[in-house]
There are 2 protein chains.
Amino acid sequence: MSVGERRPPGAGGNDIRLRGFDDRVTVERALAWVDRHAARLGAVEVGVAESVGRIPATPLAALADYPPVDRAGEDGYAVRSDVTVGASAYNPVLLRIQDAADPLHFGGTALVAAGEALPRGADAILGFDAAQAVGPTVEVIAPVAAGMGVERAGQQLHAGASLASAVRPIRLHEAGLLASLGIDRVSVLARPRVWLAVAGAKPGAGARAAGDAHGPMLRALIERDGGTVEVSETGASVRDAIPRGVGAPGADLVIATGRTGTGPDDEAPLALAEAGELVIHGIALRPGGSSGMGLAGGLPVILLPGDPLACLCAYELFAGRFVRRLGGRDPGLPHATREAEVGRKIVSAVGFVDVCQVRLVAGRVEPIGVAEFGGLASAAGADGFVVVPAALEGYAPGARVTLYTY
Amino acid sequence: MSVGERRPPGAGGNDIRLRGFDDRVTVERALAWVDRHAARLGAVEVGVAESVGRIPATPLAALADYPPVDRAGEDGYAVRSDVTVGASAYNPVLLRIQDAADPLHFGGTALVAAGEALPRGADAILGFDAAQAVGPTVEVIAPVAAGMGVERAGQQLHAGASLASAVRPIRLHEAGLLASLGIDRVSVLARPRVWLAVAGAKPGAGARAAGDAHGPMLRALIERDGGTVEVSETGASVRDAIPRGVGAPGADLVIATGRTGTGPDDEAPLALAEAGELVIHGIALRPGGSSGMGLAGGLPVILLPGDPLACLCAYELFAGRFVRRLGGRDPGLPHATREAEVGRKIVSAVGFVDVCQVRLVAGRVEPIGVAEFGGLASAAGADGFVVVPAALEGYAPGARVTLYTY
């Protein structure tokens with residue numbers, strides 16, 4: 001058993017209950033396990049209206065120029081610009097109104113609305129400030145230069161231009177563009193389907209317990225990362241729920257929360273070892289260090305701690321990364337980041353990656369609570385978090401850190 | 001008719017078709033109209049799992065301390081710390097295992113799991129590295145200080161502490177916290193319900209036209225701003241659809257897109273004037289200047305232009321602001337902002353607020369296309385946009401601007 005990444009499966013080798021973790025896997029090794037096992041899912045077709053926020057299966061490119069023809073960029077009268085030379089209020093040029101579908105006659109003009117194709121022979125649009133209809137003719141009182149008011153074929157897009165990249169979700173105005181190009185269906189990556197088993201409250205905790213916090217939070221986290229919760233069992237025995245999830249059809253990933261620690265009822269790692277292989281249990285992370293991961297029936301299973309803040313942190317680092325990778329998203333933390341200066345010392349333990357909830361006070365970062373006991377309340381009051389690498393014992397005031405913002 | 005904010009209702013005064021806008025309302029006045037008419041909606045109760053992303057009707061505060069009692073912060077043995085003084089591997093202290101529900105006997109210890117209430121009389125938790133069970137007793141091989149491993153009552157939250165503010169959406173870990181405090185239902189503001197009428201394609205444009213782009217985009221925009229689309233009519237005659245929306249039950253706002261300009265078929269302003277009152281039509285904004293707004297049957301109606309990029313910009317400034325205000329959100333643009341330096345001149349028209357699509361090139365902002373004709377493709381290729389105030393004719397290279405990021 002090298003650094004704990006491979007314990008022999010079975011209750012004996014995996015049972016750290018009442019003993020404690022004597023070795024822990026580094027966060028890097030746990031991330032590497034996720035990266036090795038989270039294979040990008042296949043493609044599905046969706047309507048363009050449902051494509052917002054999805055990842056294209058392949059980069060999307062324009063099939064043709066857009067607009068396909070020269071067209072009016074504004075409402076007005078389509079003209080041959082050369083006939084307007086010298087026009088003024090004192091010397092108006094008179095043009096005869098004709099149908100916009102016909103090529104422009106000599107001395108003719110056609111009323112067009114913005115977005116309509118230009119009549120053949122027209123090269124400019126006169127706005128209504130420069131051209132007013134008087135019966136069957138238009139009085140032009142100002143000249144117009146060739147090209148004015150005209151949107152050229154291909155001006156917005158040339159054939160082959162990128163419409164949406166295959167590495168980030170389709171943005172809403174990109175979906176609008178696809179729709180305006182006549183694209184009805186888009187091939188996007190399937191949503192990762194998560195089978196979620198949330199351990200119920202522990203007895204005697206005196207309050208509603210951790211388990212109740214996980215359901216709403218994990219569902220929102222999984223959806224934020226592009227996944228869907230196919231089944232959510234709350235309060236089920238984790239020992240029963242894990243094999244049930246592994247055996248259920250239609251899931252890409254099983255996430256179980258709670259019962260991962262060293263207490264007598266912490267049966268989740270045992271259940272995974274019995275159902276398949278517990279590859280990692282115990283990670284040098286605070287909070288969230290009792291997380292585990294493994295495979296059962298060919299399905300990846302991630303065990304998250306029961307403490308809500310630990311669950312949140314371990315989800316973000318490991319389970320969320322798995323979901324994001326399955327769905328073809330950027331596997332990194334999805335939070336917006338910014339550089340910030342530390343205002344009050346951030347304490348961390350050497351050898352552990354610490355996820356520290358922080359608030360901004362006068363633009364500087366200050367820790368909330370301590371890593372172990374801040375609880376979800378510290379995250380609820382936080383502006384974001386700072387990740388302290390294992391090699392550091394924290395950050396002194398004045399240090400520059402990356403703030404992951406909520 | 002002062003600066004055009006109040007035209008006498010009726011086809012005569014409102015019909016700018018084939019004439020053009022001879023006066024335009026400033027963006028500020030249009031925003032002020034939105035702010036006057038968008039009243040915060042009432043409250044509804046939702047389950048805590050559905051509260052993520054919703055705005056609390058009132059600030060949420062903790063009703064009691066959390067945790068309510070001193071409890072174990074980790075798995076281990078609950079002890080009176082003073083009995084462990086002097087304990088070592090050579091001189092272990094032996095404690096008798098008892099039930100955690102009973103007050104701690106002298107010389108007793110109880111196994112507790114993280115999150116469980118501390119037995120009366122206990123003041124510290126010994127981890128399994130310092131305490132191992134041997135039959136009915138526990139061998140303690142290291143001393144523990146009072147308070148170690150204990151999460152104090154109220155350590156996470158004192159009664160009255162803020163759980164979620166009433167000005168921004170409930171974050172997912174806040175919902176988790178609410179759930180863990182035993183809160184099942186949350187009073188949140190109702191979702192603004194939008195009746196959406198999207199004008200169909202114009203004939204002769206040679207391609208799928210603007211109207212097709214609006215449905216997916218506007219639905220996604222409205223949902224991003226916390227609203228729901230109750231009815232969406234695409235391709236309907238705007239002249240028919242506006243009165244139908246105004247008469248429909250259960251909408252808080254009607255948004256109609258298309259047919260707002262100066263072309264012969266631009267009937268949306270007329271339809272609003274006939275159904276009620278067209279208060280504003282024509283705004284000093286590019287793109288999006290043909291937008292309008294008014295009231296009909298007591299319901300606000302916002303008219304957005306048919307050009308997709310103009311529609312997007314006018315939605316963001318006016319319709320989106322209306323939706324955000326109805327739902328109690330920050331009415332400002334919802335995009336993350338950052339300061340950036342202009343790399344290539346941004347051209348704008350004095351007297352108009354210009355919304356300029358830009359990309360970042362080597363960290364500096366460069367315009368994409370021109371405000372009038374960039375089309376949705378310019379937004380799809382953009383990293384964000386810059387808003388140029390009406391008083392300026394643009395920004396020179398080196399100027400510092402606020403970038404609204406996509």
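Predicted model: local features only at pLDDT ≥ 70, side-chain atom pairs only at ≥ 80, totals over all residues.
Let's start where the chains touch. Chain B brings 69 residues to the contact, and chain A brings 69 residues as well. The size of an interface is often given as the accessible area lost when the parts come together. For chain B and chain A, that buried area comes to about 5,200 Å², with carbon and sulfur atoms giving 63% of it. What about salt bridges between chain B and chain A? The count there is 0. Polar contacts do turn up, though: 15 residue pairs across the interface of chain B and chain A, with both residues at pLDDT 80 or more. On the side of chain B that touches chain A, the elements giving two or more residues are β10 (150-151), α3 (172-180), α4 (210-224) and α8 (375-380) of chain B. Of these, α3(B) supplies the largest share, 7 residues. Sorted by kind, the residues on this side of chain B come out as 37 nonpolar, 19 polar and 13 charged.

Now for the sheets. Strands of a sheet pair through backbone hydrogen bonds, either parallel or antiparallel. In chain A, an open sheet with mixed pairing has 6 strands, and reading across it gives β14-β13-β15-β19-β18-β16. The two edges are β14 (228-234) and β16 (277-281) of chain A; each has a single partner strand, so one side of each is left without a neighbour in the sheet. Going by the average and ignoring direction, neighbouring strands here are turned by 20° against each other. Inside the sheet, β13 (residues 193-198) and β15 (residues 253-257) of chain A run parallel and share 5 bridges. One place to look is Leu196(A), whose bridge partner in β15(A) is Ile255(A).

Helix α7 (residues 308-326) of chain A lies across β13, β15, β18 and β19 of chain A, at about 165° to β19(A).

Over in chain B, there is an open sheet of 6 strands with mixed pairing, in the order β14-β13-β15-β19-β18-β16. Its edge strands are β14 (228-234) and β16 (277-281) of chain B, each pairing on one side only. From one strand to the next, the twist averages 20°. Strand β13 (residues 193-198) of chain B pairs with β14(B) in the parallel sense over 6 bridges, and Trp195(B) has Val231(B) as its bridge partner in β14(B). Helix α5 (residues 238-247) of chain B packs on the sheet, where it touches β13, β14, β15 (253-257), β18 (292-296) and β19 (299-304) of chain B, and makes about 155° with β19(B). Helix α7 (residues 308-326) of chain B also packs on the sheet; it touches β13, β15, β18 and β19 of chain B and makes about 165° with β19(B).

Chain B has some antiparallel pairing to show as well. Strand β20 (residues 337-342) and strand β26 (residues 400-405) of chain B run antiparallel, joined by 5 bridges. Strand β24 (residues 384-388) of chain B is antiparallel to β26(B) too, with 2 bridges.

The peptide bond from Tyr66(A) to Pro67(A) is cis, with omega near -5°, and Pro67(A) lies in the loop between β2 (60-61) and β3 (71-72) of chain A. Another cis peptide bond joins Arg286(A) and Pro287(A), with omega about -15°; Pro287(A) is in the loop between β17 (285-286) and β18 of chain A. Leu18(A), which is not a glycine, has a positive phi near 60°, and its place is in the loop between α1 (11-14) and α2 of chain A.

Technical notes. Residues numbered from 1 in each chain as written. Chains lettered and ligands numbered in written order. Heavy atoms only, no water. Contact = heavy atoms within 4.5 Å. Buried area = accessible area lost by both parts, 1.4 Å probe. Salt bridge = Lys/Arg side-chain N within 4 Å of Asp/Glu carboxyl O. Polar contact = N/O pair within 3.5 Å; in protein donor to acceptor, adjacent residues only side chain to side chain. Helix = DSSP H or I, 4+ residues; strand = E, 2+ residues; numbered from the N terminus. Nonpolar A, V, L, I, M, F, W, Y, C, P; charged D, E, K, R; others polar. Pairing = 2+ DSSP bridges. Axes fitted to C-alpha atoms, helices over the stretch in contact; angles between N-to-C directions.
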